[in-house]
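Reader: I am new to this structure and would be grateful for a close look at one part of it. Please begin with the surface and then proceed to the charged pairs.

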Amino acid sequence: MTSKLATPTAGRRSYAINARQSRWLVDTRWGIRFLGIAAVLVVWQLIALYMGPTWTPTVSATAGAVVEVFTEGYILTVLVSLQQMFAGFFITLAVGIPIGILMGRSRIADDLLSPWVMGLFSSPKEALLPLLIILFGTDFEYRVSVVVLFSLFFVVMNTAAGVRYVDRGLLEAAHAFRTPPLRLATQVLVPAAAPFVVAGIKLGLGMAFKAMIISELWISMGTGGLIDQVGSQRALPLFYALALVLIVIAVSIYASLNWLEHRLHFGVSSEAR
């Protein structure tokens with residue numbers, strides 16, 4: 001009985017086929033996305049022509065307003081709001097990930113903190129904004145606290161879930177080598193639970209964007225206040241342009257997190273092999 005051995009030529013041919021398949025998939029995916037965007041723009045233009053500029057601006061008018069967002073300085077207001085949002089979200093990560101690790105590792109901590117986490121998670125957070133205004137005023141601290149309030153629980157719950165599902169063999173090996181708690185958390189638990197943690201970060205960041213706008217709408221300041229002012233003045237091209245700029249920023253950050261999640265998943269899979 002004879003067996004066929006893989007030759008270098010066959011390996012190169014297989015690699016070339018896989019590379020072509022990957023390029024085709026990428027090209028197809030981006031082609032579908034391009035067609036989807038083009039279809040939305042066509043429908044948008046038709047609706048704008050039918051409804052009139054009083055209700056919906058045309059694509060070209062909105063494109064001109066996007067240029068105005070950058071040339072008239074509106075983008076600076078957006079950047080300041082994003083700075084405050086990221087400040088709040090970094091606090092969320094600094095607080096939420098350790099709490100999630102603690103809840104995932106300790107049954108006592110989980111029993112103690114779960115009612116608070118689930119209670120605040122399921123409560124209508126907008127109802128707490130007047131209390132935050134009383135506590136922090138309407139400046140930087142208030143907006144950061146709103147971001148933390150909206151995004152914290154996604155990070156906590158996903159991190160705790162990821163830590164609970166860490167391979168028991170890894171934990172036993174770490175205990176066998178008497179790994180210190182801090183090193184156990186940073187070099188074993190967080191890397192092993194990375195897909196869960198990144199998923200929580202993605203969900204939390206989406207809520208952070210929502211919190212940024214809501215917090216500023218309440219006090220008519222920043223990007224939220226600008227959107228409220230533009231909408232009340234019926235400056236619809238600028239209103240749509242601001243919304244598009246925020247959407248593009250959010251999608252770009254979300255795509256970066258998707259790339260990071262893919263890299264982490266690939267790294268974990270490679271280590272497992």
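Is Val43 buried, partly exposed or exposed, and what is its relative accessible area?

Author: Val43 is partly exposed, with a relative accessible area of 47%. Here, buried means under 20% relative accessible area, exposed means over 50%, and partly exposed lies in between, with a 1.4 Å probe and protein chains only. The model is a predicted one, in which local features need pLDDT of at least 70 and side-chain atom pairs count only at pLDDT 80 or more, whereas totals for chains, interfaces and linings use all residues. Residues are numbered from 1 along each chain as its sequence is written, and side-chain values use heavy atoms, with hydrogens and water left out.

Val43 lies in helix H1, which covers residues 8-51; helices are DSSP runs of H or I with at least four residues, numbered from the N terminus. Together with Ile47, Tyr50, Met51 and Trp55, Val43 forms a nonpolar patch on the surface, and the accessible area of these residues together is about 600 Å². Such areas come from the Shrake-Rupley method with a 1.4 Å probe, and for residues only the protein chains shown count as cover. A patch is made of residues with over 30% relative accessible area and no salt bridge; nonpolar side chains (Val, Leu, Ile, Met, Phe, Trp, Tyr) are joined within 5 Å, and like charges within 9 Å.

The charged pairs come next. Side chains of opposite charge can pair when their charged atoms come close. The structure holds 3 salt bridges, a salt bridge being a side-chain nitrogen of Lys or Arg within 4 Å of a carboxyl oxygen of Asp or Glu.

One of them joins Asp111 and Arg107, at 3.6 Å from N to O. Both residues belong to helix H4 (residues 107-122) and stand 4 residues apart, about one turn of the helix. Arg107 is exposed at 64% relative accessibility, while Asp111 is partly exposed at 48%.

Another salt bridge brings together the side chains of Asp110 and Arg164, at 2.9 Å from N to O. Asp110 lies in helix H4 and Arg164 in helix H6 (residues 140-164), so this pair ties together parts that are 54 residues apart in sequence. Asp110 counts as buried at 15% relative accessibility, whereas Arg164 is partly exposed at 43%.

Helix H6 also contains Arg143, whose partner Glu216 lies in helix H9 (residues 194-219); the two are 73 residues apart and link distant parts of the chain. Arg143 is buried at 9% relative accessible area, and Glu216 is buried at 1%.
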